[in-house]
Amino acid sequence: MSLQSKLTMSGNDFAGRAKELFPGILVSVLVALAAQFVAEHYGAPAMLMALLFGIALNFLSEPGPTADGIAFTGRTVLRFGVAILGARISVELLISLGWGMIALLLVGVAATILFGVVLARFIGQGPRFAILTAGSVAICGASAAMAIAAVLPKDEKSERNLLFTVLGVTVLSTMAMILYPILTNALGFDDTTAGAFIGATVHDVAQVVGAGFSISDTAGETSTLVKLIRVSLLAPVVVIITLFWRNSDADDDGKRPPIVPFFVLGFLFMAGINSLGLIPASVGALLAKTSSWALLSAIAAVGMKTDLRNVIQVGGGAIALIVAETLFLALLALGGIMLLDLTP
């Protein structure tokens with residue numbers, strides 16, 4: 001067979017596959033657009049809206065013209081979104097925060113995940129679920145939940161647990177966006193300290209920005225900076241989780257994940273070239289926007305793939321776990337800020 005014939009066959013295969021996936025991808029993007037519209041006009045969290053709209057359209061993930069595209073969006077588009085999220089991170093960003101605050105964030109992430117795993121054993125929750133919820137609380141909410149879920153071994157509860165975690169961290173993050181500025185004011189924090197606390201504790205980036213800038217521009221800029229440092233910890237945490245489960249367990253189909261997932265390598269690559277100043281500001285802004293849309297479409301797809309009746313079955317123990325992890329991180333950050341003498 002000639003090279004031209006092979007290329008023609010490959011092109012036909014690609015076109016056929018794209019035609020298969022297009023309806024489901026289009027539906028996921030349309031749900032993301034609807035969620036963003038509601039978020040911009042009514043102040044609701046976009047991730048939560050995408051999730052709820054997706055749940056309402058659960059029937060679209062059943063065998064049919066949209067099923068393959070929805071599955072593709074919930075997996076491949078998700079990983080693409082996480083990979084280009086690295087364009088927000090740079091070494092300069094890390095250093096500008098100061099080593100004391102960086103150490104506090106490192107301790108906060110590690111301690112929150114450890115706390116979640118230990119507590120889960122006492123309340124009857126599995127270690128996979130504990131790592132999923134604690135990792136999402138400790139790092140960056142829904143984005144972290146989706147990245148961690150992508151490397152955890154799959155079982156019949158995987159999608160249900162992911163949906164619950166995204167729903168839980170989004171609701172708790174929204175509550176924190178309202179309550180934490182009130183708390184920092186009651187504690188007499190100045191704008192910089194308030195921003196540091198919010199960036200170290202609120203789960204999702206959007207809610208961090210909302211909470212910080214509701215206090216002042218200084219608090220908003222500080223909270224965003226601190227939050228992005230937490231986001232930068234996503235890659236090493238995902239690698240550690242991958243290595244742990246690779247050595248101890250496998251998916252139900254017997255496959256083990258790669259040592260370093262490709263989307264994590266993409267995240268690190270984007271962070272690396274951004275640190276070298278090779279990403280112009282306009283391109284960086286475009287990549288950040290693309291990442292947001294990819295993750296929003298992916299969570300819409302996850303919502304469509306999951307039956308809400310299964311999510312309800314997680315029980316009170318799961319709710320108690322994610323709430324306890326949230327409170328633990330808040331108390332740890334508060335204690336660390338006072339220990340570092342960041343308070344006025």
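Leu85 counts as buried at 6% relative accessibility, where buried means under 20% relative accessible area, exposed over 50% and partly exposed in between, using a 1.4 Å probe and protein chains only. This is a predicted model, in which local features need pLDDT of at least 70 and side-chain atom pairs count only at pLDDT 80 or more, while totals for chains, interfaces and linings use all residues. Residues are numbered from 1 along each chain as its sequence is written, and side-chain values use heavy atoms, with hydrogens and water left out.

You'll find Leu85 in the loop between H3 and helix H4 (91-97). Helices here are DSSP runs of H or I with at least four residues, strands are runs of E with at least two, and both are numbered from the N terminus. Setting aside neighbours within four places in sequence, Leu85 is in contact with Val231, Phe267 and Ser291; contact means heavy atoms within 4.5 Å.

## H3 against H13

Phe267 turns up again in the packing of H3 on H13. The axes of helix H3 (residues 67-84) and helix H13 (residues 262-275) come within 7 Å and cross at roughly 25 degrees. Axes are lines fitted to C-alpha atoms, for helices over the stretch in contact, with angles running from 0 to 180 degrees between N-to-C directions. H3 and H13 are therefore roughly parallel to each other: angles under 35 degrees get that label, over 145 is roughly antiparallel, 65 to 115 roughly perpendicular, and the rest oblique.

From H3, the contact takes in Arg79, Val82, Ala83 and Ile84, and from H13 it takes in Phe263, Gly266, Phe267 and Met270. Sorted by type, the residues of this contact are six nonpolar, one polar and one charged. Nonpolar covers Ala, Val, Leu, Ile, Met, Phe, Trp, Tyr, Cys and Pro, charged covers Asp, Glu, Lys and Arg, and the others, Gly among them, are polar.

## H2 against H8

Helix H2 (residues 46-56) and H8 have axes that come within 9 Å and cross at roughly 140 degrees. That makes H2 oblique to H8, and the crossing is left-handed. H2 brings Met47, Leu48, Leu51, Leu52 and Ile55 to the contact, while H8 brings Leu163, Val166, Leu167, Thr170 and Val171. The tally for H2 with H8 is nine nonpolar, one polar and no charged.

## Thr184 in H8

Thr184 belongs to helix H8 (residues 158-186). Thr184 is buried, with a relative accessible area of 2%. The side chain of Thr184 reaches the backbone oxygen of Pro181 at 2.9 Å. Beyond neighbours within four places in sequence, Thr184 is in contact with Phe189, Ala194, Phe197 and Ile215.

## Leu60 and the whole chain

Leu60 is in the loop between H2 and H3. Leu60 and Met304 are 244 residues apart in sequence, yet 6.7 Å apart in space, C-alpha to C-alpha. Met304 is also one of the contacts of Leu60, along with Val27, Thr66, Ala67 and Ile70, once neighbours within four places in sequence are left aside.

Stepping back, the chain has 16 helices and zero strands. Buried residues make up 51% of its 344 residues. Of the contacts with a separation of 6 or more, 80% come from residues 24 or more positions apart.

Notes. Polar contact = N/O pair within 3.5 Å; in protein donor to acceptor, adjacent residues only side chain to side chain. Left-handed = near helix turned anticlockwise from the far one by under 90°.
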